[in-house]
Amino acid sequence: MNLKKGRPVAFLLLFMAFVLSSKGQESFNKISVSAGLAGSTLKDRVISTYIYKKKSIPVTSEYSYKGYKSFLGVRLYFLKSKLKTDENNGFSYSGDLGTFIPDKVNGFTQSQVNFLMFQTRAYYLARIHFDDRFSLGLGGFGQYDIINKKFLVLDYENNLNERFFSVGPQIMPVYISGQHEFQYALSASVFNIGSRKLTPEEGTGTKVSGASFFKKYFGVESRLTYSYSFTQNIGIDINYIFYYYQYKKPRKEQMVIQNLTLGLAIMF
């Protein structure tokens with residue numbers, strides 16, 4: 001055998017093995033399902049001046065694609081919680097003749113807000129490579145939020161239904177080394193179409209809506225993800241997601257949700 005002729009072939013085989021084993025150069029799809037712990041804080045002046053808090057369990061599912069030239073993904077997020085405040089402790093609608101307004105109506109208390117959130121989010125990013133391991137995604141996202149709140153005003157139940165569609169820029173550095181992947185995504189809303197509808201148990205409902213650039217609505221999300229691959233097809237994701245939004249119509253609303261989730265990921 002001619003060793004000199006065999007060297008280029010051996011080098012080519014080694015190069016191909018390196019490329020195939022380098023996950024950073026591959027294109028692949030991933031589906032993940034996660035759950036964990038979320039801490040929520042709400043201040044909504046349509047409801048009251050109080051601050052409501054609660055820890056609950058979020059559920060997320062996500063499809064993502066990592067290509068050599070682009071990133072894209074779609075995420076579904078669900079959170080249901082009974083937010084509570086202690087700022088009205090000791091207060092009672094009562095007098096010398098007894099309680100005028102009960103402290104509990106149909107299981108609701110005066111210090112409680114039932115909260116439900118369903119969020120759909122999609123993003124597309126162009127991918128810039130710095131080396132075999134580190135790359136940067138630059139692009140944008142679109143997000144649609146369905147938020148329902150139920151609370152008491154005196155002894156009447158009220159429903160506050162909110163719908164928000166927002167778009168904005170997103171940046172996402174990604175570092176991949178063997179079985180380990182670190183990803184950080186930061187995004188902020190620029191344009192929003194929002195509506196809020198208040199429906200009391202007694203009386204007629206009222207609705208406000210409109211579109212705005214920054215003025216009425218602002219949202220920001222910061223997400224840190226660590227992924228570990230047991231095999232080429234199975235892995236885990238650990239996510240920390242900080243989400244904040246505010247809406248000023250008709251009265252200011254602010255919401256902070258911090259999530260820590262663990263999930264199973266399937267790559268193909």
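Phe164 is buried, with a relative accessibility of 0%; buried means under 20% relative accessible area, exposed means over 50%, and partly exposed lies in between (1.4 Å probe, protein chains only). Tyr245, at 1% relative accessibility, also counts as buried. The model that shows these residues is predicted, so local features need pLDDT of at least 70 and side-chain atom pairs count only at pLDDT 80 or more, whereas totals for chains, interfaces and linings use all residues. Residues are numbered from 1 along each chain as its sequence is written, and side-chain values use heavy atoms, with hydrogens and water left out.

A pair of aromatic rings is described by the distance of the centres and the angle of the planes. Rings of Phe, Tyr and Trp (its six-membered ring) pair if their centres lie within 6.5 Å; planes under 30 degrees apart count as stacked, over 60 as edge-to-face and the rest as tilted. A search of the whole structure finds ten aromatic pairs. One of them joins Phe130 and Phe134, a tilted pair with 5.2 Å from centre to centre and 35° between the planes. Phe130 is exposed at a relative accessible area of 52%, and Phe134 is partly exposed at 30%. The rings of Phe164 and Tyr245 have centres 5.8 Å apart and planes at 55°, so this pair is tilted. Phe164 lies in strand β11 and Tyr245 in strand β16, so the pair ties together parts that are 81 residues apart in sequence. Phe164 and Tyr245 also belong to one aromatic cluster with Tyr217, Tyr243 and Tyr247.

The strands that carry these residues can now be placed in the chain. Helices (H or I, at least four residues) and strands (E, at least two) are DSSP runs, numbered from the N terminus. The protein chain has one helix and 17 strands. Two strands pair if DSSP finds at least two bridges between them. Strand β11 (residues 156–177) and strand β13 (residues 191–200) run antiparallel and are joined by ten bridges; here Arg163 stands opposite Ser195 in β13. Strand β13 pairs in turn with strand β14 (residues 206–213), in the antiparallel sense over eight bridges. Within this pairing, Arg196 has Val208 in β14 as its bridge partner. The hairpin of β13 and β14 has five residues between the strands, and Gly203 in this hairpin takes a positive phi near 105°.

Ser222 stands opposite Phe242 in β16, and a hairpin of four residues joins β15 to β16. Strand β16 also pairs with strand β17 (residues 253–267), again antiparallel, over 14 bridges. In this second pairing, Tyr245 stands opposite Met255 in β17. Five residues lie between β16 and β17 in the hairpin that they form.

Phe214, in the loop between β14 and β15, has a phi near 65°, a positive value in a residue other than glycine. The relative accessible area of Phe214 is 47%, so Phe214 is partly exposed. Pro250 is placed in the loop between β16 and β17, and a cis peptide bond with omega about -5° joins Lys249 and Pro250.

Which residues does Gly210 contact, leaving aside its neighbours within four places in sequence? Gly210, found in strand β14, is in contact (heavy atoms within 4.5 Å) with Asn192, Ile193, Gly194, Tyr247 and Lys249. Gly210 and Lys249 are 39 residues apart in sequence, and their C-alpha atoms are 8.9 Å apart in space. Gly210 is partly exposed, with a relative accessible area of 28%.

Among contacts with a separation of 6 or more, 65% are between residues 24 or more positions apart. Of the 268 residues in the protein chain, 39% are buried. The accessible surface comes to about 14,600 Å², of which 63% belongs to carbon and sulfur atoms; such areas come from the Shrake-Rupley method with a 1.4 Å probe, and for residues only the protein chains shown count as cover.
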